[in-house]
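Reader: Hi! Could you walk me through this structure?
Author: Happy to, have a look at it here.
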Amino acid sequence: MTHERRAGVAIPLRPTVAVIDVGAVVANVVALCRVVAPRPVWVVVKADGYGHGAVPVARAALRAGAAGLCVALVQEGATLRAAGITAPILVLSEPPLDHLVAAVGLGLTITMTSASGVEALARAAAEAGVPEPVPVHVKVDTGMRRVGVAPDQAGALCALVAAQPSLVLEGLVTHLAVADQLDHPFTAVQLERFATVLAELDSSGLRPPLVHVANSAGALLHPQARQDLVRCGIAVYGLSPGGDASAAVAPLRPVLRLVSQVSFVKRVESGEGVSYGLRHVLDHPATVATVPIGYADGVPRRYGAVGGEVLIGGRRRPVLGVVTMDQLMVDCGDDRVERGDEVVLIGAQGDEQVTAEEWAARLGTITYEVVCAISARVPRVVVGDA
C-alpha cells in the first residue's frame, strides 16, 4: 500500500485517490506541438495544474517539448521554482503590487496591464539589482472584459515598459472569449483589434518578440490565432474546452482518473429512503454500496440528482440520494459487490468509461470546474513517469 509521511509518521493513503498519468501529459504535449508547429507551446499549470498537480505536470510537459509554463499567481510560480524548475514561467495577470518584489526574485515573467504596475515593477527590479532586465508581457483587452489595457492605450503602456532600464518588453498578449465556437464572429473581431495594436507597435518599432493569442481552443480551432507561441491549458490534460473543440481533443489522452473503493455494503428494501432528507426512495430492493468520497472531495452534493453514475465491476451504477461530505451511496441492484471493490468516478473500468466531459454535461458546467474542484485532501498518485 502507498503511504505518505506526515509529522514523521507513515500514513497509508486513503482508498480515494486521483491517479495522474504523466505519460499522457507527455503524449498530449507532443501532439499539440505537432498541431501548432513551428510555434512553441507554453503549458498552463495554474490552479495546481487544473487539479492534476502542477509540479509533475510541468516536469512532464517540459520533457515533452514545452518551451515555457504559465501560472495565475506568484505563489504558483514559487511552487514551481521550489521544485527546481528553471524554465520560463509567465504570470498571466498583473500581480498585486506587493507581490512584485517576490516575482522578480523568483525570475518570473510578469504580465502588466497598468502604468502603476509597470512603474512598481521597474522599482522592484531596480532595487533587486537583477543582472538582466525583467521580461514583461503587456496584456490587451480585446473584448474578454476581464483584465487588460484598452487597445487604444496599449501602445503607450508598451512604450512605458520599453523606457524602463530594469524591464524589457518581451511579449504582447490577449485572450479569446469564444474560441471554442468555430463560427462565432467575435473571435475575428478580437483578432482584428489585436492586429491594429500590433500595427501601431510595428510602426513605432516596439513590437515585442513574443506575440500570443491562442489558448487551447484557439490553438486547435483557429490557426490564424497561432502567433509566436500558443498557451495550452485544458487540452494538455486531455480534456475538451467545450463547444466545437471536443472533436479536436478526441485524440488526446485524459490524464486524470478518480477512483475509490467500496467501504460498506448493505441491502436496502423497496420503499426505503437513502441519504440525508431521504430524498431518494428505492422502488426496488437493492444492494447499496457506500463509497468514501463526498462533496468535501469535489463530488457535488447534487451529483446523484442529476443522474451521476460510477463504475463498479465494469458496469454503470447510479448514485443514490444526496452526496454527503465524505461518502456517497450507489445502487448495485442484485449484483454481488464486496468491500474493497474498485469504484471509478472518472476514468475507465473494463469496457465502460465515465469522463469529466460527462460530469460537466450533467452538472451544467465545464471540464475545468470538474477537475479543479477535486480537493487537496484527495491524494494525487503519479504514474506513467517514463
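Author: We'll go through the sheet and then some helices. This is a predicted model, where local features need pLDDT of at least 70, side-chain atom pairs count only at pLDDT 80 or more, and totals for chains, interfaces and linings use all residues. Residues are numbered from 1 along each chain as its sequence is written, and side-chain values use heavy atoms, leaving out hydrogens and water.
Reader: Thanks! What order do the eight strands of the open sheet come in?
Author: The order is S10-S9-S8-S7-S6-S5-S4-S11, with parallel pairing. Strands (E, at least two residues) and helices (H or I, at least four) are DSSP runs, numbered from the N terminus. Two strands pair if DSSP finds at least two bridges between them.
Reader: Which strands are at the edges?
Author: S10 (210-212) and S11 (230-232), each of which pairs on one side only.
Reader: And how many bridges join S4 to S5?
Author: Three, between residues 41-44 of S4 and residues 68-71 of S5. Val44 has Cys70 in S5 as its bridge partner.
Reader: Switching topic: which strands does H7 touch?
Author: H7 packs on the sheet and touches S7 (109-112), S8 (134-139) and S9 (167-173). Contact here means heavy atoms within 4.5 Å.
Reader: Which residues of H7 and H8 meet?
Author: Pro151, Ala154, Gly155 and Cys158 in H7 meet Val197, Glu200 and Leu201 in H8. By class, that contact has five nonpolar residues, one polar and one charged. Nonpolar covers Ala, Val, Leu, Ile, Met, Phe, Trp, Tyr, Cys and Pro; Asp, Glu, Lys and Arg are charged, and the others, Gly among them, are polar.

Conventions:
Axes fitted to C-alpha atoms, helices over the stretch in contact; angles between N-to-C directions.
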